[in-house]
Amino acid sequence: MAHVVVLGAGLGGVIMAYEMKDQLGRDDRLTVISQGSTYSFVPSNPWVAVGWRDRDEVEVDLTEVMGRRGIALLTQGAARVHPAENRVELTDGDSLGYDYLVIATGPELAFDEIPGLGPAGHTESVCQIDHALKARQAVEALVAKPGPVVIGAVQGASCFGPAYEFLFILEKALRKAKVRDRVPMTFVTAEPYIGHLGLDGVGDTKGLLEGQMRAHHIKWITNARVASVDAGMMHVEELDEDAALRRRHELPFAFSMMLPAFRGVAAVRGIEGLCNPRGFILVDRFQRNPTFRNVFAVGVGAAIPPLGPTPVPVGVPKTGFMIESMVTATAMNIASLLRGEEPAEVGTWNAFCLADFGDGGVAFIAQPQIPPRNVNWSSQGRWVHYAKIGFEKYFLRKIRIGKSEPFYERLALRSLGIDKLKSTHHETG
Ligand code: FAD
């Protein structure tokens, strides 16, 4: 009889629990440790920020569904993981022991690395629903009193898709409100070029996104390092290809939303052998920590090596399908260990992403994530907007019914030639 604990109930943690449950025997125990009982669908936050979604449309209470699936839910959150003692210390002082631990705690948002950045400072965020709801008030104030807008992603950021999404969604919302003509817009990014996305581009994302910016009268600054933010003013250093200072920009704004850099959460950060210096959990290709062999990690909290040097540092994004591939591999690998076998499943980590622009969008598939690739495809069109809505409805349904991957989803993705796993069972050499 084994006890598996999943830490974190976000996009990775919830489906991790569902897939793990399918793999466990009758006598095995499964516990999820979360912060509160609510699941929040992060990819909808850019819509929340412009008033196209409300909180109740993108959140699910997990109490009933976890109970129905026989999964214990502890909602007080973890204070610290003690991997050498196989236990998680909870915020109320209790401790929970485990045989296997899956860490799915997502990112901590490193706003504090830049003076004045973030919702406690002078810029908005869409990383959490509370931030998005606060940003909505700022958008309403912008519509009432139009002025310049600065959107983007700072040095060390890895999540660029949502910055582009929010840029174009806000642009569309401003057009709809008939104030776009009074709102100069600038995109400020650590990426070396527009459409790099932390992936050195996918297909022609450079051309597609630059074209969209030109078509929507949006200026941009790449290789940008945000030095600090004051009320209504962003101080930006633009670097050249050799990372030397090329130009300083003083950017006045009436509204700004900047994606921060991510780091691992406090409950795991600084644990020798478990994390890299930024607090991301070190994993091998089986999602397993090399030091603490009964600890696995999935999602944004898992460490992924960067792509290569860029003048301003950028990270590699971890997107939904890639996270699902980590989850499936982890569930199967823990099941193997419980049967006394060695882990053999490797997540494909393919990047498959839909970036909605409000009435159109850009989609891409990078397979594998790091170039050169077997599939390096991007496209744009109105269909992306509807596909993103479909993704939202479908994912939330999955969370509500408590099943990770119904048959038709598997079928649809396989028919596109996109697999979540590359098994090593048949590897030779
Ligand atoms: P999260 O979903 O953030 O979940 C982590 C969970 O861990 C949270 O619920 C948190 O409360 C919990 N936690 C943290 N610390 C503790 C603790 N000490 N104890 C207990 N629980 C804890 N990807 C896509 O594929 N498509 C998209 O359209 C897309 N849009 C995005 C939009 C935005 C604004 C952002 C920020 C990301 C987007 N992503 C998208 C990327 C990625 O899919 C999401 O960030 C996703 O939510 C990451 O899943 P996760 O499980 O790693 O982290």
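Asn 223 is located in the loop between β13 (218–221) and β14; helices (H or I, at least four residues) and strands (E, at least two) are DSSP runs, numbered from the N terminus. The phi angle of Asn 223 is near 50 degrees, a positive value in a residue other than glycine. Asn 223 is buried, with 22 other C-beta atoms within 10 Å. A residue counts as buried if 20 or more other C-beta atoms lie within 10 Å of its own, as exposed if 12 or fewer do, and as partly exposed in between, with C-beta atoms placed from the backbone.

The model is a predicted one, in which local features need pLDDT of at least 70, side-chain atom pairs count only at pLDDT 80 or more, and totals for chains, interfaces and linings use all residues. Residues are numbered from 1 along each chain as its sequence is written.

Strands β14, β15 and β16 form an open sheet in the order β14-β15-β16, with antiparallel pairing. Two strands pair if DSSP finds at least two bridges between them. Because β14 (224–230) and β16 (245–252) stand at the edges with a single partner strand each, one side of each is left without a neighbour in the sheet. From one strand to the next, the twist averages 20 degrees; axes are lines fitted to C-alpha atoms, for helices over the stretch in contact, and angles run from 0 to 180 degrees between N-to-C directions. The antiparallel pairing of β14 with strand β15 (residues 233–239) extends over six bridges. Within this sheet, Ala 224 stands opposite Glu 238 in β15.

Another open sheet of three strands has the order β6-β7-β8, and its pairing is antiparallel. Here β6 (78–82) and β8 (95–97) are at the edges, each with a single partner strand, so one side of each lacks a neighbour in the sheet. The twist in this sheet averages 20 degrees from one strand to the next. Strand β7 (residues 87–90) pairs with β8 in the antiparallel sense over three bridges, and the bridge partner of Arg 87 in β8 is Gly 97.

Arg 175 is found in helix α6. In sequence, Arg 175 and Arg 269 are 94 residues apart, and in space they are 43 Å apart, C-alpha to C-alpha. The loop between α6 and β12 (185–189) holds Lys 178, and Val 179 is found in the loop between α6 and β12 as well. Lys 178 has a positive phi of about 60 degrees although it is not a glycine.

| Residue | Other C-beta atoms within 10 Å | Class |
|---|---|---|
| Arg 175 | 15 C-beta atoms | partly exposed |
| Lys 178 | 9 C-beta atoms | exposed |
| Val 179 | 16 C-beta atoms | partly exposed |

Val 179 touches Val 143, Pro 146 and Leu 174, residues up to four places away in sequence not being counted. Two residues are in contact if their C-beta atoms, placed from the backbone, lie within 7 Å. Val 179 and Leu 142 are 37 residues apart in sequence and 9.1 Å apart in space, C-alpha to C-alpha.

**Cis peptide bonds**

Gln 367 and Pro 368 are joined by a cis peptide bond, with omega about 0 degrees. Pro 368 has its place in the loop between β22 (361–367) and β23 (375–380). A cis peptide bond also joins Pro 371 and Pro 372, and omega is about 0 degrees; Pro 372 lies in the loop between β22 and β23.

**Ligand surroundings**

The ligand is surrounded by 32 residues, of which the closest are Gly 8, Gly 10, Gly 106, Gly 299 and Gly 320. A residue is near a molecule or strand if its C-beta atom, placed from the backbone, lies within 6 Å of it. The elements that give two or more residues to this shell are α1 (11–23), α6 (161–176) and α8 (320–338). The largest share, three residues, comes from α1.

**The chain as a whole**

The protein chain contains 10 helices and 24 strands. Its radius of gyration is 21 Å, close to the 22 Å that the globule rule gives for 429 residues, so the chain is as compact as a globular protein of that length. The radius is taken over C-alpha atoms, and the globule rule is 2.2 Å times the number of residues to the power 0.38. The C-alpha trace spans about 65 × 50 × 40 Å along its principal axes. Of the 429 residues, 50% count as buried.
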